[in-house]
Amino acid sequence: MNRLYGRLGFADRVVYSNFVSSVDGVVTFGSGVSAGSVISGKNPADRFLMGLLRACADAVVIGVGTLRATPGHLWTPAHVCPDFATEFATLRNTLRRSPEPRLVILSNRGQLDFDHPALKGALVITTKDGAKRCSSRVPSSCEVITLGTGKAVDIKRAFAEMTRVGYEVVLTEGGPHVMGELIKSRLLDEMFLTLSPVIAGRDKEHRLGMVEGVELLPRIPVWSRLRSARRHGDYLFLRYALPR
Ligand SMILES: NC(=O)c1ccc[n+]([C@@H]2O[C@H](COP(=O)([O-])OP(=O)(O)OC[C@H]3O[C@@H](n4cnc5c(N)ncnc54)[C@H](OP(=O)(O)O)[C@@H]3O)[C@@H](O)[C@H]2O)c1
């Protein structure tokens, strides 16, 4: 692992994200198609990094928008990079992690795809109304936690709850709206960004960038620090640190 990516060296408590973007900053398509694999062209180095970042995490957090856009996906290291399944399992064992990272799904309204296989064993964090909508319909192995009585879950409370149950090394795979909330709340410590050498373009379809739902520049600049830049063929693998 060290030979392929170098030492990651995460802090004991950290929240980090992973995205793939086109050269022109597109990370989603409006059609609800799972954008990541299209934008990355299923690049093996990108899939290895996805697997590695999942393998390090106690939990992987996504918003319900990402769940909806990715039917059949499992947020495990081996699902995205099966060739390294054994090495990922060994790494988790060395890091004293559970066999798989826990999937945490954020949903205010509780409108989930109840047949999605990733719900098995997952944790859903939702509002009181959301819990009413989904609790009786999720698989019995899926836990639903209610936070607050309002229309939206306070993301700070959601992350405090994850820390409380022992998830200290947390990966978010988005999507852009969850990223917007994390950056607004200063909860994100690091960002991994794969820059794919493809041009996506924008016209009629609503295509999102990596951070949505918050406007920062010019009033609230959030400057990050480039921790590393790696190149594999025409792809760039960037790692940034953010101020808390
Ligand atoms: N290129 C990449 O690397 C990459 C990575 C990830 C995702 N994506 C793409 O991103 C797209 C989805 O984007 P998105 O921004 O709509 O997805 P998202 O951030 O995964 O989901 C947004 C939804 O999550 C729920 N949510 C957000 N914050 C919450 C909070 N604090 N508490 C509870 N629920 C919360 C809300 O759902 P409700 O209010 O409806 O319940 C919200 O509408 C998909 O097309 C996916 O393929 C791309």
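This is a predicted model: local features need pLDDT of at least 70, side-chain atom pairs count only at pLDDT 80 or more; totals for chains, interfaces and linings use all residues.

The entries below go from the sheet to the pockets and the cavity.

Entry 1: I then looked up the strand order. There is an open sheet of 9 strands, with mixed pairing, and its order reads β5-β4-β3-β2-β6-β1-β7-β9-β8. The edge strands are β5 (143-146) and β8 (225-232), and each of them pairs on one side only. From one strand to the next, the twist averages 20 degrees. I reminded myself that strands of a sheet pair through backbone hydrogen bonds, either parallel or antiparallel.

**Entry 2: a helix on the sheet.** Which strands does helix α3 touch? I found that α3 (residues 44-56) packs on the sheet and touches β1 (14-22), β2 (59-63), β6 (169-172), β7 (190-196), β8 and β9 (235-241). The direction of α3 makes about 165 degrees with that of β1.

Entry 3: I picked β3 (residues 102-106) and β4 (residues 123-126), which pair in the parallel sense over 3 bridges. Opposite Leu106 I found Ile125 in β4.

**Entry 4: strand β1.** Next I took β1 and its partners. β1 runs parallel to β6, and 4 bridges join the two. Ser17 has Thr172 of β6 as its bridge partner. With β7, strand β1 pairs in the parallel sense over 7 bridges. There, Tyr16 has Glu190 of β7 as its bridge partner.

How many residues of β1 are buried? I counted 9 of the 9, so β1 is largely enclosed by the rest of the structure. Both faces are covered. On one side Val14, Tyr16, Asn18, Val20 and Ser22 are buried, and on the other Val15, Ser17, Phe19 and Ser21 are.

**Entry 5: Ser40.** I found Ser40 in helix α2. Is Ser40 buried or exposed? Its relative accessibility is 1%, and buried means under 20%, so Ser40 counts as buried. Leaving out residues up to four places away in sequence, Ser40 touches Val20, Asp46, Ser196 and Tyr235.

**Entry 6: the largest pocket.** I moved on to empty space. Rolling a probe the size of a water molecule over the atoms shows where such space is left. The largest pocket has a volume of about 1200 Å³. Its lining has 49 residues, and Gly65, Thr66, Glu173, Gly175 and Pro176 lie nearest its centre. The elements that give two or more residues to this lining are β1, α2 (35-40), α3, α4 (64-69), α5 (77-80), α8 (155-164) and α9 (176-184). Which of the elements gives the most? It is α4, with 5 residues. By type, the lining of the largest pocket divides into 20 nonpolar, 21 polar and 8 charged residues.

**Entry 7: the second largest pocket.** I wrote down a volume of about 460 Å³ for the second largest pocket. It is lined by 18 residues, and the closest to its centre are Met191, Met210, Val211, Val222 and Ser224. The lining here has 14 nonpolar, 4 polar and no charged residues.

**Entry 8: the cavity.** I looked for cavities of 30 Å³ or more, and the structure holds 1. The space in the largest cavity is about 40 Å³. Ile183, Arg186, Leu188, Val222, Leu242 and Pro243 line it. I sorted this lining into 5 nonpolar residues, no polar ones and 1 charged.

Terms used: Residues are numbered from 1 along each chain as its sequence is written. Side-chain values use heavy atoms; hydrogens and water are left out. On a 1 Å grid over the protein atoms alone, a cavity is a set of points where a 1.4 Å probe fits but cannot get out, and a pocket is an open set with protein on both sides within 12 Å along at least five of seven lines; lining residues have an atom within 4 Å of a point. Grid points are joined across faces, edges and corners, and a volume is the space filled by probe spheres set on the points. Ala, Val, Leu, Ile, Met, Phe, Trp, Tyr, Cys and Pro count as nonpolar, Asp, Glu, Lys and Arg as charged, and the others, Gly among them, as polar. Two strands pair if DSSP finds at least two bridges between them. Axes are lines fitted to C-alpha atoms, for helices over the stretch in contact, and angles run from 0 to 180 degrees between N-to-C directions. Contact means heavy atoms within 4.5 Å. Buried means under 20% relative accessible area, exposed over 50%, partly exposed in between (1.4 Å probe, protein chains only).
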